[in-house]
Amino acid sequence: MTITYSSYLRLDELLDLQTPLSEGPEHDELLFITIHQAYELWFKQMLHESDRLVALLNNDEHYKAGHTLKRIRMIIKTLVQQVDILETLTPLEFTSFRSSLARSSGFQSGQFREVEFLYGLKDPSKLEPFKDEPERTAKLQARLAEPSIWNVFTQFIKRQGLAIDEQSIKDTLKSLYSGRPELANICELLVDLDEGIQEWRYRHVKMVERTIGGKMGSGGSEGAGYLVKTLFTPMFPLLWEIRNDF
């Protein structure tokens, strides 16, 4: 069979997946579905790249790891930029189809929870929304059990002959900036990534506030109130703390 652009990308199947449920359907529901499906595709790619990052650090390939971190950071920038499109939905436009969402909610994004767990924000309570989805629960439990990116990174620098015990880790990290620029570059790329996730969380909060104000989220969550609590929670706090000591 001849491979075409359409067949390679399976476009017929892909473009059939945006199925509004509202009566009519409402014009703006398609945008909402498209954006969130795109988010899930980017989460999939982010996990794909992050698993490669783990493999590269485990193999002490720090130059390739740096390249992969840059790619992950650009994916996060894309996630942030997509909020701009979603914010073109006015509160009235969102309300026109919101009831079609029923109990569905972004809190049920298993892939984003995988991202959080992989980057060190390991909270078993976040398995609760997936209790009726055994396959997704198994994936999340595997992410909870595996080493975080930070664990992998600290073991990587330990193999470079540097101390990473609780008493010395901050001094070790600071020393990279003066004596090991190739490793300091990895630190800065991790900070870039951390900052990007925090930026995405902030933009997500403001988008929710613009769209539904302080009302409860569609899945019964606190909505923007809950999301505000997730702000300014770094994935790599030590890389931020050492900035006080330079």
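Predicted model: local features only at pLDDT ≥ 70, side-chain atom pairs only at ≥ 80, totals over all residues.
Met-1 has a relative accessible area of 89%, so it counts as exposed, the cut-off being over 50%.

Now for what lies inside. In soluble globular proteins, nonpolar side chains tend to be buried together. Here, the largest nonpolar core holds 39 residues, and Tyr-119, Phe-153, Leu-173 and Leu-239 have the most contacts inside it. Two or more residues each come from α3 (29-58), α4 (62-86), α6, α8 (149-158), α9 (169-179), α10 (181-212) and α12 (237-241). Helix α10 gives the largest share, nine residues.

Zoom in on Leu-239 for a moment. Setting aside neighbours within four places in sequence, Leu-239 touches Trp-150, Leu-173, Cys-187, Leu-190 and Val-191. There's also a second, separate core, this one of 17 residues, with Phe-32, Leu-89, Phe-94 and Val-208 among them.

Last stop: helix α6, which runs over residues 110-118 and contains Gln-111. Is Gln-111 buried or exposed? Its relative accessibility is 17%, and because buried means under 20%, Gln-111 counts as buried. Once neighbours within four places in sequence are left out, the contacts of Gln-111 are Glu-40, Phe-43, Lys-44 and Leu-47.

Conventions:
Residues numbered from 1 in each chain as written. Heavy atoms only, no water. Buried < 20%, exposed > 50% of the residue type's maximum accessible area, 1.4 Å probe, protein only. Helix = DSSP H or I, 4+ residues; strand = E, 2+ residues; numbered from the N terminus. Contact = heavy atoms within 4.5 Å. Core = buried A, V, L, I, M, F, W, Y, C linked by side-chain atoms within 4.5 Å.
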